[in-house]
Amino acid sequence: MFTGIITDIGTIDAVEQRGDTRIVIRTSYDTSGIDLGASIACSGVCLTVVDKSAAGAPGWFAVDVSGETLRRTAQGDWAVGHRLNLERAMKLGDELGGHIVTGHVDGIGEVVSVESEGDSKRIAISLPATLAPYVAAKGSVTVDGVSLTVNEVVDQPGGGTHFAINLIPHTQAVTTLGALSPGQAVHIEIDVLARYLFRMEQYRALTG
């Protein structure tokens, strides 16, 4: 489990094609405190640490990305030089500053517009119709691993939806979202509570 509060921005240093795709990510984390087998959310994707730097060496960790994960995430996100929002798994007793995030990407959104509002940025993102019922104004959504509040939802002709978020300067500085531009793909994870509520209503309609 994660909270959607980013604690580092990593950079992909190497990509190696094996049975799965092995990716080496440079980080400022103290890797001596990261166990092999630990989970780290990488731009919203929960991945398992399979190797890491030695004590005292520049920090990096390696993950194996399956073909299924590659198919369900944004193309280009797993290339050398790409920057990733990083969050280590939540520990019992940690402050829950964002919302409950599982690290399972539900779909791909696309940035529609980026506008300045004072020092903040207002970003509109399009959603596929399959995710539209799960996003509500003043609800929570995860974009590339970042916990955010939905400010506005506008349903579009044809079934898709646009939603808007505001990025304060701090969020722009400590995540990759400050560099978003129109046309860019982003990972979307819907609020887990919305997922269960939708399923309950769906089942109730089927059973009467």
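How many positive and how many negative side chains does the protein chain have, and how far apart do the centres of the two sets lie? There are 15 positive and 24 negative side chains in the protein chain, and the two centres are 3 Å apart. In this count Lys and Arg are positive and Asp and Glu negative, while His and the chain ends are not counted; each charge is placed at NZ of Lys, CZ of Arg, CG of Asp or CD of Glu.

The model is a predicted one, in which local features need pLDDT of at least 70 and side-chain atom pairs count only at pLDDT 80 or more, whereas totals for chains, interfaces and linings use all residues. Residues are numbered from 1 along each chain as its sequence is written, and side-chain values use heavy atoms, with hydrogens and water left out.

The protein chain is built from three helices and 13 strands, where helices (H or I, at least four residues) and strands (E, at least two) are DSSP runs numbered from the N terminus. Its radius of gyration is 18 Å, close to the 17 Å that the globule rule gives for 208 residues, so the protein chain is as compact as a globular protein of that length; the radius is taken over C-alpha atoms, and the rule is 2.2 Å times the number of residues to the power 0.38. Along the principal axes, the C-alpha atoms of the protein chain fill a box of roughly 55 × 45 × 35 Å.

The accessible surface of the protein chain comes to about 10,600 Å², and 52% of this surface belongs to carbon and sulfur atoms; such areas come from the Shrake-Rupley method with a 1.4 Å probe, and for residues only the protein chains shown count as cover. Of the 208 residues in the protein chain, 41% are buried, where buried means under 20% relative accessible area, exposed over 50%, and partly exposed in between (1.4 Å probe, protein chains only). Among contacts in the protein chain with a separation of 6 or more, 67% are made by residues 24 or more positions apart, a contact being heavy atoms within 4.5 Å.

The interior can be described through its nonpolar cores, each a set of buried Ala, Val, Leu, Ile, Met, Phe, Trp, Tyr and Cys residues joined through side-chain atoms within 4.5 Å. The largest of them has 21 residues, of which I125, V143, L148, F163, I165 and I188 touch the most other members. At least two residues of this core come from each of strand 8 (120-127), strand 9 (140-143), strand 10 (146-149), strand 12 (161-167) and strand 13 (185-190). If neighbours within four places in sequence are left aside, I165 is in contact with K121, R122, I123, I125, V143, L148, T149 and N151. A second, separate core holds 17 residues, including Y29, I40, C42 and V49.

L36 lies in the loop between strand 2 (21-26) and strand 3 (39-42), and it is exposed, with a relative accessible area of 54%.

K138, in the loop between strand 8 and strand 9, has a phi near 70° and counts as exposed at 63% relative accessibility. D144, in the loop between strand 9 and strand 10, has a phi of about 50°, but at 6% relative accessibility D144 counts as buried.

What, finally, of the helices? In helix 1 (residues 67-72), T69 counts as buried because its relative accessibility is 19%, and its C-alpha atom is separated by 29 Å from that of E95, 26 residues apart along the chain.
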